[in-house]
Amino acid sequence: MDTNFQKIKELIQKSALPLAEQENLLLLFTKANDQDLEPTLKLFAEDSSWIHKINENYKAKQAALATGNQALWQKIVQEEEVQLKELER
Amino acid sequence: MKSFETGPSSEQIKPEEEITPELPKEEGLEMRKAVAEQAELKPEQAIAQERSVLERFKGKAKQVAVVLLFVSALSAGPGMVGEAYAQETKPTTRTEQVQKQEKQEEKINEANLTESSKWSRGVVESARADMKKIKTAEDAEWLVRTHFNQLVSEYYMPTKGNLKEGPYGIKTRDYTEDDSKLLLRNAQEMKKVMQELNTKFGIEAFDKRIEQVDDMIKKLERQSSYSGQKQKEALERMEKLLQQR
C-alpha cells in the first residue's frame, strides 16, 4: 500500500513546480513521520494549487530562518493570517 | 481573494544587515553579541508566535493552519536537509569520493555567468583579504558578520541579478548552471574561511552558521546538476532515495 509520502510525491511530481523545487519540497517531507503527513496529503489532494502555495510558504520560511530575519517571519505570519481569514469567509 | 502570491514589497523587508546595523569595531564584542541576540530569529519562538496566531482558526482554515505549522516545524528542525538525503550524499566509497571531487573541479564557463552569481566572488575575495588582518576573536566575529552574513543573506534574499518579485516580498532570480557552480564554489570557500577562523579564534554560533552554509551548498549542488544527463541522474538519485522510504 502506498504511504502518505508516496502519494504526496506523486502529487508534487504532477505539479508545475520546477524539478529542483519539487525535490526540495519532497526533501522537507522526508523529515516527517508518514502518519504526520496526512493533513498535508489531504490538502494537496483536495486542491493541488496548495502545492505551489505551501512551496512558496516553505521557501519564505526557510529564507527567514536561514538569515534570522524576524521582520520577514512576522510578515509571513501576517500573510498566513490574512489568507486563513479569507478561507473562513 | 488575497493569495500567497501577494506580499509585502521588498522595501518593507530588510535583510538582517539593515535591521541590525553594524556597530563600529570599537564598541566591543559584548555589545555586538547583545545586538545579535536581540535581532536573531529563534526558531522555537518563531513557531510559538505563528501558533498563537493560527490556532484560533476553524474549519478549512484550521486544516490549512495545521499544514502551515507543520511546514514551520520541519523547516526549523535539526538540520535543514532531511536525514535520509544527508546519508544519501555522504561519500562512502572511493568512487563516490572521486565523483564528488570531479564535480567540485568542474570548469566554469565565464561566458555563462550572470550577475546572479558574480557578486559572490567579491564577497569571498574580501573575506580572504580581511582574514589576513584578523588578530582577535572580536575581529573574527566582525568578519563573519560582514562577509559570511552577506553571502547567506544575498543567496536566500537576493538583491542582485535578474530579479523577480515572489510571494512575501521575497525576490527570486534565475541561475545558469555555471552560476550555480560559481556560487557553490564560493560557498565552499566561505565554509573553509569559517572553519579556519573557528580553529584560530572561535566563532559565535559556529555550528548554526556551518549548518546554514551546508544547506546552501546542498541546494547549489542539486541546482548545478539540473541539466541534460545530470538532470536525469539527479532524478534517478531522488527516485532511489524515495524508494528507500
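These legends cover close-up views of a predicted model.

**View 1. Overall make-up of chain B.** Chain B holds eleven helices and two strands. Starting at the N terminus, its elements follow the order α-α-α-α-α-α-α-α-β-β-α-α-α. Of the 245 residues in chain B, 31% are buried. Take the contacts in chain B between residues at least 6 apart in sequence: 69% of them join residues at least 24 apart.

**View 2. The side of chain A that touches chain B.** Here 46 residues of chain A are in contact with 58 residues of chain B. On the chain A side, the elements giving two or more residues are helix H1 (4-14), helix H2 (19-29), helix H3 (38-46), helix H4 (49-67) and helix H5 (70-88). H5(A) provides the largest share, 16 residues. By class, this side of chain A has 23 nonpolar, ten polar and 13 charged residues.

**View 3. H3(A) against H4(B).** Two packed helices are described by the angle between their axes and the distance between the axes. H3(A) and helix H4 of chain B (residues 59-76) pack at an angle of about 125°, and their axes are 9 Å apart. H3(A) is therefore oblique to H4(B). The crossing of H3(A) past H4(B) is left-handed. From H3(A), the residues that meet H4(B) are Pro39(A), Thr40(A) and Leu43(A). Their partners in H4(B) are Gln63(B), Val64(B), Val66(B), Val67(B) and Phe70(B). This contact has six nonpolar residues, two polar residues and no charged residues.

**View 4. H4(A) against H4(B).** These two helices pack at an angle of about 40°, with axes 10 Å apart. H4(A) is therefore oblique to H4(B). Their crossing is right-handed. H4(A) contributes Ile54(A), Asn57(A), Tyr58(A), Lys61(A), Gln62(A) and Leu65(A) to the contact. H4(B) contributes Val67(B), Leu68(B), Val71(B), Ser72(B), Ser75(B) and Ala76(B). The classes in this contact are seven nonpolar, four polar and one charged.

**View 5. The buried side of H1(A).** Ile8(A), Lys9(A) and Ile12(A) are buried in H1(A). These residues lie on the same side of H1(A) because they cover an arc of only 105° around the axis. An α-helix has 3.6 residues a turn, so residues three or four places apart point the same way. H1(A) is also among the elements that give two or more residues to the side of chain A that touches chain B.

**View 6. H7(B) packed on H8(B).** Within chain B, helix H7 (residues 115-131) and helix H8 (residues 137-156) pack at an angle of about 165°. Their axes are 10 Å apart. The two helices are therefore roughly antiparallel to each other. H7(B) passes H8(B) in a left-handed crossing. On H7(B), the contact is made by Trp119(B), Ser120(B), Val123(B), Ser126(B), Ala127(B), Asp130(B) and Met131(B). On H8(B), the contact is made by Leu143(B), His147(B), Gln150(B), Leu151(B) and Glu154(B). The contact divides into six nonpolar, four polar and two charged residues.

**View 7. Gln195(B) in H9(B).** Gln195(B) sits in helix H9 of chain B, residues 177-201. Gln195(B) counts as partly exposed because it has 14 C-beta neighbours inside 10 Å; a buried residue would need 20 or more. Phe206(B) lies eleven residues from Gln195(B) along the chain. The C-alpha atoms of this pair are separated by 8.5 Å.

Note on methods. Residues numbered from 1 in each chain as written. Chains lettered and ligands numbered in written order. Predicted model: local features only at pLDDT ≥ 70, side-chain atom pairs only at ≥ 80, totals over all residues. Helix = DSSP H or I, 4+ residues; strand = E, 2+ residues; numbered from the N terminus. Buried ≥ 20, exposed ≤ 12 C-beta atoms within 10 Å, placed from the backbone. Contact = placed C-beta atoms within 7 Å. Nonpolar A, V, L, I, M, F, W, Y, C, P; charged D, E, K, R; others polar. Axes fitted to C-alpha atoms, helices over the stretch in contact; angles between N-to-C directions. Parallel < 35°, antiparallel > 145°, perpendicular 65-115°, else oblique. Left-handed = near helix turned anticlockwise from the far one by under 90°. Arc of directions from axis to C-beta.
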